Amino acid sequence: MPLALGFFGLGTGYLIYGPQELFGWPKRDERVDGSTGVWGIWLPGFCQFVAGSILFVGLTWFQVFKEAPLYMAALAFSAYGIHWFAIGYNRLRMHDPRPNAGMCVAFFILSVLGAAVFFTVGDWPVGLLFIGLALVYASDFFAAIGVGFGERALGFWHIVTGLWLMYLMIATVYNISLGASLPL
C-alpha cells in the first residue's frame with residue numbers, strides 16, 4: 001500500500017517549506033529558492049505522484065485495492081503530486097506566485113471533497129488531514145494575492161499539517177508492518 005510514501009513525501013515538503021514561511025528562516029534568496037524548489041519537486045511531488053499512480057492502477061487495472069475511499073486518496077495524491085512539480089519548479093525558477101491564487105481555489109475544493117469523503121466513511125484521521133489541507137490552500141490564497149498574514153498562516157498550517165502527515169505515515173507503517181491498530 002503506497003499511502004505511507006505519499007504521507008511521508010507531502011509531510012516532508014510541508015516541514016521544509018513551513019519554517020521558511022512562518023519564521024522567515026532561512027531567508028529567501030536564489031540559493032534557498034533553488035534548494036526548496038528541488039525538495040518540492042522530489043519529495044511532495046514525486047512521492048505523491050507515485051503513490052497516486054499506484055493507487056489508481058491498483059484500483060482500476062489490477063483491482064488489488066478494494067476500499068472505495070482509496071479512489072479519493074488516488075485522486076488527491078496524484079493531483080497534489082503534480083501540483084508540487086509546478087510549485088517546486090516555480091520556486092526553483094523564482095517565478096511570480098500570484099497565479100497560485102487560482103490553483104488554491106481548485107485545491108481548496110479538492111481538500112473539502114477529501115474531508116467529506118473520509119469523514120463520511122468514519123476515517124477521522126484522514127478527514128483531519130484534508131481539513132489541514134483546506135487550511136493550507138485557504139492560507140496560500142491570501143499569500144498569493146499579497147495579504148500580509150497569508151504567508152505566515154501558510155507556514156503555520158504547513159508545519160501543523162506536516163506533523164500530522166508524519167503521524168499518518170507512522171500509523172500506516174506500524175499498522176501494516178507490525179499489525180498495530182493506530183487510528184488511521
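**An all-helix predicted chain, helix by helix**

(The expected span is 1.5 Å times one less than the number of residues; helices are DSSP runs of H or I with at least four residues, strands are E runs of at least two, and both are numbered from the N terminus.) The model is a predicted one, so local features need pLDDT of at least 70 and side-chain atom pairs count only at pLDDT 80 or more, while totals for chains, interfaces and linings use all residues. Residues are numbered from 1 along each chain as its sequence is written, and side-chain values use heavy atoms, with hydrogens and water left out.

The C-alpha trace spans about 45 × 30 × 25 Å along its principal axes. Of the 184 residues, 48% count as buried, where buried means under 20% relative accessible area, exposed means over 50%, and partly exposed is in between (1.4 Å probe, protein chains only). The accessible surface is about 9200 Å², with 72% of it belonging to carbon and sulfur atoms; areas come from the Shrake-Rupley method with a 1.4 Å probe, and for residues only the protein chains shown count as cover. Taking contacts (heavy atoms within 4.5 Å) between residues at least 6 apart in sequence, 71% join residues at least 24 apart.

An α-helix has 3.6 residues a turn, so residues three or four places apart point the same way.

S111 is buried, at a relative accessible area of 0%. Leaving out residues up to four places away in sequence, S111 touches Y80, F130, L133, A134 and Y137. A106, also in helix 4, counts as partly exposed at 42% relative accessibility. From A106 to L154 there are 48 residues in sequence and 16 Å in space, C-alpha to C-alpha.

Next, the aromatics. A search of the whole structure turns up 15 aromatic pairs. (Rings of Phe, Tyr and Trp, the last by its six-membered ring, pair if their centres lie within 6.5 Å; planes under 30 degrees apart count as stacked, over 60 as edge-to-face and the rest as tilted.) One of them is the edge-to-face pair of Y17 and W84, 5.0 Å centre to centre with 85° between the planes. This pair links distant parts of the chain, with Y17 in helix 1 (residues 3-23) and W84 in helix 3, 67 residues apart. Both partners are buried: Y17 has a relative accessible area of 3% and W84 has 2%. F156 and W157 also form an edge-to-face pair, 4.9 Å centre to centre and 80° between the planes. Here F156 is partly exposed at 39%, and W157 is partly exposed at 25%. Y14, Y17 and W84 make up one aromatic cluster.

Finally, the backbone in the loops. A cis peptide bond joins W25 and P26, with omega about -10°, and P26 lies in the loop between helix 1 and helix 2 (30-60). Q63, in the loop between helix 2 and helix 3, has a positive phi of about 50° although it is not a glycine; Q63 is partly exposed at 46% relative accessibility. M94 follows helix 3 with a positive phi near 60° and lies in the loop between helix 3 and helix 4. M94 counts as partly exposed too, at 43% relative accessibility. After helix 4 comes G122, with a positive phi near 80°.
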